[in-house]
Structures are given as structure tokens and as C-alpha cells.
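Please keep the sequence and the model in view while going through the points.

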Amino acid sequence: MDTVTKPSPAVEKPSTTAYRNLAVATVGFALTFWAWDLIAPLAGWYGDRLALSSFEQSLLVAVPVLVGSLGRIPVGALTDRYGAKLMFPLVSALTIVPVLLLVPAKNSYLAMLAVGFLLGLGGTTFAIGIPLVNSWFPPAKRGLALGVFGMGMGGVALSGYFTPRIAEHGENLPFFVVAVALAAYAVLAFLLVSDRPDRPVPTASLAARLGRAGRLKVTWELSALYAIGFGGIVAFGVYLPTYLKTWYALDPTDAGTKAAGFALVTVVFRPIGGWLSDRIHPAVVTAAALGVVALLAVVQAFDPPLNPGGTVALLCMAAGLGTASGSVFALVSQVTPQPQVGSVTGIVGAMGGLGGFVPPLVMGAIYSAKDSYSIGFMLLSDLALAGCVYAYGRMRTIRPQEG
């Protein structure tokens, strides 16, 4: 009788192991994102040192975003095959190399671009953590758990706040600090990360698995929404210090601090987006969040004074983008077959990161041509509004496993 009426703990209630993996994965995500974003808070310093134009400076901060985004596709598929227990410590350890290479590269723009390319590796851990967390948590708890893991993107906030301050005590010191932290984490992950014993391990080739994930219609629908939500977060994370320094004449430390505040708000609201998605359809949550972003982007396009108008507009956009990022991955967990979560996550995560690659280049080019950022914010408003309408009109009709 007991075996009939007693709920299964493995299904209904997350285990202690599940929470341990969530915690360790979130810490690793934050650290590697800090490494991924090391160049952005110092972009103004590099710009002055190397006499860079606005576009060259934008390209410098955007290159790691591009590589980290595209790298999520193979890393997600490799995680499906080999598991997070191998991939988390491996990627964390390998990221140490480009972090340390930032030291000798600082006097050459081409060398910085090359190291930035390698630094993109740090942005791929997102595609390792999502399938790990997804496998350990039951559907009813998955949205919140994925949102908590997504708080690891607070590594951008850590970088924005601490990197310029650490650099005041030695221009190379931030890189050594992050390298040591990554090394310590690689050991920690090796000891504490564990894959679910019954997780399905695909036997098909990498190309075949990515092909199957790419043929799911929902993969590309989710990719488009995530490109707006998370792409907006990444774009602001890497370009906001430059925007605040250029338009509002803030010094690099103050600009980095305010950019860190923006990133912190996105971090706080990402699990809120996941939590709401456990209770309301995640497509509705996504639509509402992107609607807020569309409205406030218009406000910022009119160049309000930073205090209080610009600050309020930017922080409200941060809340909307953070919420949307959490709710979109709640959708991923609902409509993706478990063996393909890593592959789909890789593609969706890549598109989200690519969504953050283009805006800094566009903003830099527009400012160079027009001496204004208003057109860039109006384009963001248009994209967010399109995502709002599509999420509410189409994504509410998708059922689990559809594609």
C-alpha cells in the first residue's frame, strides 16, 4: 500500500545532491562569466591606451561574446554525451589560459582581439549547467532551479564592479585573481559535480544530434526570444560601461559600478522569471517582460538625465530582460526531450549570445556616424515589441515535446 500512495522523492522532491549540483554549477557559471567579461570593464582604459575608435572598442568587447556564444553549440552537445562532471572542470581549467594571456597582450590591439577570441571559452559553461540542472530537478521545480542557475550571469556584475577596482592596485592583478579562482573552482567541480546516474546518454554523432535539435521548430522560436532577452543582457553588460562613459561622461570606475548595478538587477529577476513560469505560462511571462523593455527603451532613446530618469529606465529594462531570460528557459525545459536538452540549450544559448554580439557593434557604429545612441535604443524597442507579440500570440499554444 505504501508503495502505491507514497510519492517518489526522486520525482516530486529535489534531492540534496540536486541542490549541491545547482550550487556548484551556479558558482562555476558566475566565475567563468567574470572571466568572459574581463575586457569590458577595462574597455575605456584599453581605448585610451591603444587610441581606439568607438567601433574598434566595441569590437574588442564583442569578440568574446561571439566566440562564447557559438561555442555553446558544441559544448552543449558534448555535455549531452560526456556529462557535466567532465565538462565543467575542463572548461574552467582551459579558460585560465586566455585570462593569463591578457597580461602580455595589453599593448597590441590585434593581440587583444586574438586573446578575446580565446576568452570566449568562458561563455560556454551556460550550455553545461542547463542540462545538468534540468536533469536533477522535476518539472514543477525546474523553472525556479534554472532561474537560480541563471543567476550565475551575475559574473558580469562581479566583473563590472571588482575588475576596475582590483586594477587600481595593479593593472595585471585582476587577471591573476580570476585565474586563481578558476583553478580552485576546477578542482571543486571535479570533486562535487555529479551527473544523474539515470541520465540518457546519446549514442549518435555530434553532427547528428545537432541536426536533430536544429530540425525542431521550437529551437529557433526559443532562440529568437532568447536573442532578445539574454542578448540584451549581454549587450548591456559589455557595452554599458562604454555608453555611460561616452554619453554621460562618467569615469571608468563609476561607469563600471553602475553597469554592475544593471547586471545585478538582471541576476535578481532571472529566478523571478523562472518562479513565475512555474505558476503562469512562461510565454505570458516572457511577453509581459519584453513589453516592459520595449516601453523603457523608448524612454531611454530620448536621452533623459542619468539621475533619476536614465537610471530608472535602465534598471527597469534590466528587470524585464532578466525576467524574460528566466522564462524562456522555463519554456526550453517544457518542450525539449531530455536527451536533447544540451543540444537545444547550446543552440538557444548561442543565439542568445549572438543577440548580444551585434548591438555593441551597432551602437558603436551609430554613435560614430550620428553622435547619438537614440537610434540604437529605438531598434531595441522594436525588437522587444516583436518578441512580446510573438511570445503571447504563438508560444502560448506550444505543448510539451512539440517541435
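1. The count of salt bridges in this structure comes to four. The model is a predicted one, and the points below should be read accordingly.

2. Lys106 and Glu171 form a salt bridge in which the closest N and O atoms are 2.3 Å apart. This pair links distant parts of the chain, since the two residues are 65 residues apart. Lys106 lies in the loop between helix H6 (84-105) and helix H7 (109-119), while Glu171 lies in the loop between helix H10 (155-167) and helix H11 (173-192).

3. Is Lys106 buried or exposed? Its relative accessible area is 11%, and because buried means under 20%, Lys106 counts as buried.

4. Arg196 and Asp198 meet through their side chains in a salt bridge, with an N to O distance of 2.8 Å. Arg196 is buried, at a relative accessible area of 18%, whereas Asp198 is exposed, at 53% relative accessibility.

5. Glu221 forms a salt bridge with Arg394, and the closest N and O atoms are 2.6 Å apart. Here too the pair links distant parts of the chain: Glu221 is in helix H13 (residues 217-247) and Arg394 is in the segment after helix H18 (374-393), 173 residues apart. Glu221 is buried, with 6% relative accessibility.

6. The next points concern helix packing. Two packed helices are described by the angle between their axes and by the distance between those axes. For H10 and helix H14 (residues 252-277), the angle is about 160° and the axes are 7 Å apart. Because angles over 145 degrees count as roughly antiparallel, H10 and H14 are roughly antiparallel to each other. The crossing of H10 past H14 is left-handed.

7. Which residues bring H10 and H14 together? From H10, the residues are Val156, Ala157, Gly160, Tyr161 and Arg165; they meet Thr253, Gly256, Thr257, Ala260, Ala263 and Leu264 in H14. Sorted by class, this contact of H10 with H14 has six nonpolar, four polar and one charged residues.

Definitions and conventions: Residues numbered from 1 in each chain as written. Predicted model: local features only at pLDDT ≥ 70, side-chain atom pairs only at ≥ 80, totals over all residues. Heavy atoms only, no water. Helix = DSSP H or I, 4+ residues; strand = E, 2+ residues; numbered from the N terminus. Buried < 20%, exposed > 50% of the residue type's maximum accessible area, 1.4 Å probe, protein only. Axes fitted to C-alpha atoms, helices over the stretch in contact; angles between N-to-C directions. Parallel < 35°, antiparallel > 145°, perpendicular 65-115°, else oblique. Left-handed = near helix turned anticlockwise from the far one by under 90°. Contact = heavy atoms within 4.5 Å. Nonpolar A, V, L, I, M, F, W, Y, C, P; charged D, E, K, R; others polar.
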